[in-house]
Amino acid sequence: MFQLLRLAAQAEALRWKRTGRGYAIQAGLGAAAAVFALMLVIMLHVAALIWLARGRDGATAALIIGGVDLVLAAILGWLAARHAEDPVALEAQRVRDDALRQVGDTTARAAMVLPLLRSQSAKKGLVGAVLTAIAVGLFSRR
C-alpha cells in the first residue's frame with residue numbers, strides 16, 4: 001500500500017512538473033510575441049508608411065498597415081493561447097489515479113478482513129465483516 005502511495009505521489013509530482021513546464025513555455029511564447037509586436041511592428045510601420053505613401057494618400061497607407069497588424073496579432077495570439085496536452089503529464093495522471101484506486105481497494109479489503117481477525121468468535125467476526133462490507137459499499141458509491 002505504501003508503494004502505491006509513493007507511486008501516486010511520484011506520478012503527481014511528475015504531472016505538476018510537466019504542466020508547469022508547459023505553462024512556462026506558453027508564457028515565454030507570449031512574452032516573445034509581445035516583444036516582437038512592440039519592437040518590430042514599430043519599425044515596419046514607419047518603413048511601410050513611407051513606402052506606401054509615395055503612390056497613395058496617407059489614410060490608405062495607414063489602413064493597409066493596420067490590416068497587416070491585425071493578421072500578425074491574430075497569428076501570435078493564437079500561438080500563445082493554444083494549449084497542447086503533454087502526453088507524459090497525461091500518463092502520469094493516469095498512473096496516479098490507478099495507484100490511488102488500488103490503495104482504496106486494498107484499504108477496503110483490509111477493513112473487511114480485520115473484524116474477522118480481531119474477533120474471538122467466528123460468528124461475531126463474520127457479522128462484523130458483513131457490516132463493514134456494507135458500510136464500505138455504501139461509502140464507496142458516494
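1. Let's start with a pair of helices. The axes of helix α1, which covers residues 2-53, and helix α2, which covers residues 58-81, come within 10 Å and cross at roughly 165°. Angles over 145 degrees count as roughly antiparallel, and therefore α1 and α2 are described as roughly antiparallel to each other. The crossing of α1 and α2 is right-handed. Keep in mind as you look that this is a predicted model.

2. Which residues of α1 and α2 meet? On the α1 side you will find Q26, L29, G30, A33, F36, V41, H45, A48, L49, L52 and A53. Their partners in α2 are G58, A61, A62, I64, I65, D69, L72, L76, L79, A80 and A81. By type, the residues of this contact divide into 17 nonpolar, 4 polar and 1 charged.

3. Now step back to the whole chain. How many helices and how many strands does the chain have? There are 4 helices and 0 strands, and reading along the sequence gives the pattern α-α-α-α. Of the 142 residues in the chain, 13% are buried. If you take the contacts between residues at least 6 apart in sequence, 62% of them join residues at least 24 apart.

4. Next, have a look at R96, which sits in helix α3, residues 87-118. Is R96 buried or exposed? Its relative accessible area is 14%, and because the cut-off for buried is under 20%, R96 counts as buried. Leaving aside neighbours within four places in sequence, R96 is in contact with A8, A11, E12 and R15. With one of these, E12, there is a polar contact between the two side chains, at 2.2 Å. For a sense of how the chain folds back, compare R96 with A13: they are 83 residues apart in sequence, but from C-alpha to C-alpha they are 9.7 Å apart in space.

5. Apart from residues up to four places away in sequence, R15 touches A89, A92, Q93 and R96.

6. Finally, turn to L100, another residue of helix α3. Not counting residues up to four places away in sequence, L100 touches L5 and A8.

Note on methods
Residues numbered from 1 in each chain as written. Predicted model: local features only at pLDDT ≥ 70, side-chain atom pairs only at ≥ 80, totals over all residues. Heavy atoms only, no water. Helix = DSSP H or I, 4+ residues; strand = E, 2+ residues; numbered from the N terminus. Buried < 20%, exposed > 50% of the residue type's maximum accessible area, 1.4 Å probe, protein only. Contact = heavy atoms within 4.5 Å. Polar contact = N/O pair within 3.5 Å; in protein donor to acceptor, adjacent residues only side chain to side chain. Axes fitted to C-alpha atoms, helices over the stretch in contact; angles between N-to-C directions. Parallel < 35°, antiparallel > 145°, perpendicular 65-115°, else oblique. Left-handed = near helix turned anticlockwise from the far one by under 90°. Nonpolar A, V, L, I, M, F, W, Y, C, P; charged D, E, K, R; others polar.
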